[in-house]
Amino acid sequence: MIDWLATADGSSDWSRAHVVVAGIGVAGFAAADGLLEFGARVTALDSGTSDQLRERVTLLETLGATVRIGPGSTDTLPADADLVITTGLPPHQSMMIEAAARGVPVWSEPELAWRLMHPRKPVPWLGITGTNGKTTTTEMLASMLTAAGLRTAAVGNIGRPLMEIVLDPQPYDVLAVELSAQQLHRMHTVSLHSAAVLNLHPDHLEWHGTLEQYAADKARIYERVQQACVYNVAEESTRRMVEDAEVIEGARAIGFTLGVPKVAMVGLVEDILVDRAFIEQRQTSAVELATIADVAPDESGAGSAAHNVSNALAAAALARSFGVRPTAVRDGLRAMRVGGHRIQTVGIVDDVRYVDDSKATNPHAAQASLAAFDSVVWVAGGQAKGVSFDDLVIANRERLRGAVLLGVDRDLIGQALARHAPEVPVISVADTETSAMARVVGAAASLARPGDVVLLAPACASRDMYIDYAERGDAFAAAVGNLQSSGPAGGE
């Protein structure tokens, strides 16, 4: 390891470093691009072979990087590597094991971006993590900051990499940063202005190994926080994370709750979102931030559901920690529109409603959407990420008209249904091509009755068959569109 890397930042001589970027998706490509601009020698590796990936290869080679793609490309670490940048590779992957054995540091793309921002153009970060609700909360926060007249962006795990901000010549006032547990696992020096953990439920256990390690990685978001550690009053685990964190002296613990808030909390008084944390008179009073009606609904009308109000409160706490006035919290919520693939109606055919919640990539998220409907044909499956589906099936078996399963781990859900809801008819679609969604929707239509909801709430990740959850949701919507045009196709 090069000695200066331990304290490296944007003023360091990066021409002395050979940096390996493992994985050249959106964030990896941005990291490689940024490192090249800072003068580093870059080797980019990716085991994929897609056309989109090949386009990135051409660009990076033109900029001066060495690039290797295809199966096995990320199995071994180049002999003279000084640093590895990755988010996607788990600690037990062969190249990560080799890096640890050789003492080669491994950073995530946010860690790299944080260092390269300093000292030239530091920007405060307001960070958000949790099993569910990260993207919605990040978008809410960015909308509040924008309403306050601040130049901001929603970045990180949300899709826009932080390295884009490093390379942007325009200055920013503050960033709303969504952070995954994988990104946090490899963050070592980032010091957030404020941070929130929304919730904690089993997910990505195939990556982290255990729920305890997953929780420990989530908790890293509180390390070195400067102003406010925002936690979920309803989930004791998030409060314990704050208690155990090594924060900057003076940082406060701020709770968010769907109940009446105590001192140092934000919460609800009847239908009003209030702040009892960031006002001088907090011992005796609270200030109104918004109403539940201000929490903008999505197309299904679910925007004001309890989980979304909770997200709004967490975003409000972070915004208030940065000095955002109460009216900007309200205006930001009113301007916010929930993105696609989140309990979104994509069609109605023969009095059956088709709803896309492709973003429900784990059982806890799927539970929130299943609970919103009374009679459901459930479309589920994909990459299970090491979690169990038993509790999800038990909680919803009375509302299931039927289930249509797809993806690599569909049988795990099928087994849970057989154990706990054997009366529910199940159709398993074995195809693994992306075109399988047409068969899935046709099968769901064959099970549905007028008044039912066909709900894509996969409870699984998507990358066994699709680029991401958005492509899966688009495929579902397209198949429903074809169903509207041609009539139900039937099942198998």
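A crossing is left-handed if the near helix is turned anticlockwise from the far one by less than a right angle, and right-handed if clockwise. This is a predicted model: local features need pLDDT of at least 70, side-chain atom pairs count only at pLDDT 80 or more, and totals for chains, interfaces and linings use all residues. Residues are numbered from 1 along each chain as its sequence is written, and side-chain values use heavy atoms, without hydrogens or water.

Q: Which hand does the crossing of α5 and α12 have?
A: The crossing of α5 and α12 is right-handed.

Q: Why is α5 called oblique to α12?
A: The axes of α5 (residues 134-147) and α12 cross at roughly 125° and come within 7 Å. Under 35 degrees is roughly parallel, over 145 roughly antiparallel, 65 to 115 roughly perpendicular, and the rest oblique. Therefore α5 is oblique to α12.

Q: What makes the contact of α5 with α12?
A: Contact means heavy atoms within 4.5 Å. Met140, Ser143, Met144 and Ala147 of α5 meet Ala328, Val329, Asp331, Gly332, Leu333 and Ala335 of α12.

Q: Why is α11 called oblique to α12?
A: Helix α11 (residues 306-321) packs on α12 (residues 326-335) at about 140°, with the axes 10 Å apart. That angle makes α11 oblique to α12. The crossing of α11 and α12 is right-handed.

Q: What makes helix α4 (residues 109-117) mostly covered?
A: Buried means under 20% relative accessible area (exposed is over 50%, partly exposed in between; 1.4 Å probe, protein chains only). Nine of the nine residues of α4 are buried, including Trp114 and Arg115.

Technical notes:
Helix = DSSP H or I, 4+ residues; strand = E, 2+ residues; numbered from the N terminus. Axes fitted to C-alpha atoms, helices over the stretch in contact; angles between N-to-C directions.
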